Amino acid sequence: MRLYAAAIEKNTELYGEHAVEAATEQVCKRFDTFLKRRYREYNDAQRGLLIFSEGRFDARAKLWVRGFRRRGTRWGSIYNLADIPYFAPMKESRLLQAADFIAHATWLSYERRDHTLARRLLRHFDLHEGVLHGLVHVGPSRGRDCDCPACTSRRIPGNIGPWIPPE
C-alpha cells in the first residue's frame with residue numbers, strides 16, 4: 001500500500017478551486033511516477049485508477065485529469081493512468097473513507113501540528129531513496145525553512161525532521 005497526499009498552504013494566489021486543482025495535479029503526477037518506477041525497477045507494468053469522492057469538484061476534476069493526461073502536468077506527462085477518474089459516494093466505499101482519513105490526518109499534521117494520526121501513516125507514503133514522494137507540501141513556507149517531513153526528506157534524504165517524534 002502506498003499513500004499520497006498534498007498539503008496545500010492557501011494564500012492569495014492559491015485558494016479554493018485552484019488549491020484543489022494543485023493538490024489533484026500533485027497526487028496524479030506522484031502516483032504516475034510511482035507506477036513508472038515500478039516498471040523500471042521490477043518490470044511490473046501496472047496502470048493506476050483514480051477514484052474520487054463525489055462532491056462539488058466532480059466535473060472539474062474530470063477535466064483536470066483529462067488535461068493532465070493530454071498535456072501533462074508542470075513536471076511532465078502522465079502515462080500510467082488506466083482510465084478516466086471515477087467518482088463514488090464516500091459512504092459506499094471503504095477506500096474513499098480511508099482516503100478521507102488520510103486527508104484528515106495530513107490536515108491535522110500541517111494545520112494543527114497534531115501528528116497523532118499521521119505518525120502511523122507516515123511509513124505508508126511512497127518513499128524512494130529516503131525521499132517522501134507520496135507526501136508533498138505546497139506553499140510559501142515550503143523548502144529550505146520548512147521542517148515538515150515532506151520538505152525535510154527532500155533536503156536530507158532519510159530524515160523526516162522534528163515534526164513527528166518516535167512513539
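Start by selecting Tyr4, Phe31 and Phe34, which form one aromatic cluster. Rings of Phe, Tyr and Trp (its six-membered ring) count as a pair if their centres lie within 6.5 Å, with planes under 30 degrees apart called stacked, over 60 edge-to-face, and the rest tilted. This is a predicted model, so local features need pLDDT of at least 70 and side-chain atom pairs count only at pLDDT 80 or more, while totals for chains, interfaces and linings use all residues. Residues are numbered from 1 along each chain as its sequence is written, and side-chain values use heavy atoms, with hydrogens and water left out.

The structure holds five aromatic pairs. Zoom in on the one between tyrosine 4 and phenylalanine 31: it is edge-to-face, 5.8 Å centre to centre with 65 degrees between the planes. The two partners come from distant parts of the chain, 27 residues apart, with tyrosine 4 in the segment before strand 1 (5–8) and phenylalanine 31 in helix 1. Helices (H or I, at least four residues) and strands (E, at least two) are DSSP runs, numbered from the N terminus. Tyrosine 4 and phenylalanine 31 are both buried; buried means under 20% relative accessible area, exposed means over 50%, and partly exposed is in between (1.4 Å probe, protein chains only).

**Along helix 1**

Now colour helix 1, residues 16–42. Its 27 residues should span 39 Å at 1.5 Å a residue, and its end C-alpha atoms are 39 Å apart, which agrees. The expected span here is 1.5 Å times one less than the number of residues.

Step just past the end of helix 1 and you land on asparagine 43, which takes a positive phi of about 55 degrees, although it is not a glycine. Asparagine 43 sits in the loop between helix 1 and strand 2 (51–53), and at 58% relative accessibility it counts as exposed.

For another positive phi in a residue other than glycine, jump to glutamate 129, where the value is near 50 degrees. You'll find glutamate 129 in the loop between strand 4 (127–128) and strand 5 (131–132). It counts as exposed too, at 67% relative accessibility.

**The second largest pocket**

Back to helix 1, which gives eight residues, the largest share, to the lining of the second largest pocket. A pocket is an open set of points on a 1 Å grid over the protein atoms alone, where a 1.4 Å probe fits, with protein on both sides within 12 Å along at least five of seven lines; a cavity is a set where the probe fits but cannot get out, and lining residues have an atom within 4 Å of a point. Points are joined across faces, edges and corners, and a volume is the space filled by probe spheres set on the points.

Select Gln26, Lys29, Arg30, Trp75 and Arg142: of the 15 residues lining this pocket, these lie nearest its centre. The space inside is about 240 Å³. Its lining divides into five nonpolar, three polar and seven charged residues. In this count Ala, Val, Leu, Ile, Met, Phe, Trp, Tyr, Cys and Pro are nonpolar, Asp, Glu, Lys and Arg are charged, and the others, Gly among them, are polar.

**The cavity**

Helix 3 (94–112) and helix 4 (118–121) each supply at least two of the lining residues, and helix 3 gives the most, with five. The lining holds 10 nonpolar residues, two polar and no charged.

The structure holds zero disulfides, a disulfide being a pair of cysteine sulfur atoms within 2.5 Å. Cysteine 146 is in none, and the nearest cysteine sulfur, that of cysteine 148, is 3.5 Å away. Cysteine 146 is buried at 6% relative accessible area, and cysteine 148 is buried at 0%.

**Last stops**

Arginine 66, in helix 2 (residues 58–71), is partly exposed at 36% relative accessible area. Draw a C-alpha to C-alpha distance to arginine 155: 32 Å in space, 89 residues in sequence. Then pick glycine 158, in the segment after helix 5 (149–155) and exposed at 64%. Glycine 158 and phenylalanine 52 are 106 residues apart in sequence and 31 Å apart in space, C-alpha to C-alpha.
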